[in-house]
Amino acid sequence: MAQAQKHRLRALLAAGPLTLTIVTTAHRGLTSHNVLAERRGRAGRDGPVVMVSAHYDSVIGAPGANDDGSGTVLCLELARVLRAVPTNATVRFALWGSEEQGLIGSRYYVAQLPQPERDRILAVYQNDMVATSWDPATRYWLLSFTGESNRATDEVAAAARRLGYEPRISPVTQRGASDHQSFQEVGIASANFSWRGEESPALLEPPYHSPEDTIAKNISLERLQVSMELIGCAAYATARC
């Protein structure tokens, strides 16, 4: 259970006896879409690919400003900037649908990729919750589904050293539950990048998955800028080779 939900549950229990009413809603025939765009590199149609991605959906009742409007905005801004920058590799931007329902969009995308297309992908930079304003979220986490470093984590760590952000970066840490997992499960270098609490990636901001996840209450432009600089620097370093 998320940290924010735990706090709310404790507060409710402290208030005295409760009556619980459960209402369930079934969603059948749900249609979800992935949104993809790319700037082809000098290596051409069959050349290497670097991916920058985020999920654009949210859970019911949550506006999703940080989770994951922040990652979506990051992708859009880097697409705007990098469209004018020559690279050897193709830079592909992806916004995944239905991440919150079980990584559905990214799993579908990976499943339908032929092996030669998978082999073209050098690294996937998945951006999920990259701008929270929660004060304790001082650590920028490098999250790998396998717990091992790969080209995505290595390039962001190298970017942090070049940009002077190294003290704010975590070691590579094992964690799934975002779209990087879909790629790492088939051997593609990928990682999730996210601002979370200092001690553990499980420390999420109280507005997580709640109506308080709004631009006014849960977005730090400074953290969003740092995220953009790190991912932009890393993605370009990967794509220019």
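Contact between two elements is taken here to mean heavy atoms within 4.5 Å. The model described is a predicted one. By this criterion, R151, E155, V156, A159, A160, R162 and L163 of helix 5 meet E229, L230, I231, C233, A234, A237 and T238 of helix 8. Nine residues of this contact are nonpolar, one is polar and four are charged. Helix 5 spans residues 151-163 and helix 8 spans residues 221-240. The axes of the two helices are 8 Å apart, and the helices pack at an angle of about 115 degrees. Their crossing is right-handed.

Seven strands form an open sheet in the order 1-3-2-4-7-5-6, and the pairing is mixed. Strand 1 and strand 6 (169-174) are the edge strands, each pairing on one side only. From one strand to the next, the twist averages 20 degrees. In general, the strands of a sheet pair through backbone hydrogen bonds, in either a parallel or an antiparallel sense. The pairing of strand 5 (residues 139-144) with strand 6 is parallel and comprises four bridges. S144 has Q174 of strand 6 as its bridge partner. Helix 2 packs on the sheet as well, where it touches strand 1, strand 2 (49-55), strand 3 and strand 4 (121-127). The direction of helix 2 makes about 145 degrees with that of strand 2.

Two pockets are described. The largest pocket holds about 230 Å³ of space. Its lining consists of 16 residues, and those nearest the centre are E99, D128, A177, S178 and Y208. By class, this lining comprises five nonpolar, five polar and six charged residues.

The second largest pocket has a volume of about 150 Å³. It is lined by 13 residues, of which A37, C75, L76, A79 and F93 are the closest to its centre. Strand 1 (35-39), helix 2 (65-82) and strand 3 (90-96) are the elements that give two or more residues to this lining. Strand 1 supplies the largest share, with five residues. The lining of the second largest pocket contains ten nonpolar residues, three charged residues and no polar ones. Strand 1 and strand 3, which contribute to this lining, are also among the strands touched by helix 2.

Note on methods: Residues are numbered from 1 along each chain as its sequence is written. This is a predicted model: local features need pLDDT of at least 70, side-chain atom pairs count only at pLDDT 80 or more; totals for chains, interfaces and linings use all residues. Side-chain values use heavy atoms; hydrogens and water are left out. On a 1 Å grid over the protein atoms alone, a cavity is a set of points where a 1.4 Å probe fits but cannot get out, and a pocket is an open set with protein on both sides within 12 Å along at least five of seven lines; lining residues have an atom within 4 Å of a point. Grid points are joined across faces, edges and corners, and a volume is the space filled by probe spheres set on the points. Ala, Val, Leu, Ile, Met, Phe, Trp, Tyr, Cys and Pro count as nonpolar, Asp, Glu, Lys and Arg as charged, and the others, Gly among them, as polar. Two strands pair if DSSP finds at least two bridges between them. Axes are lines fitted to C-alpha atoms, for helices over the stretch in contact, and angles run from 0 to 180 degrees between N-to-C directions. A crossing is left-handed if the near helix is turned anticlockwise from the far one by less than a right angle, and right-handed if clockwise.
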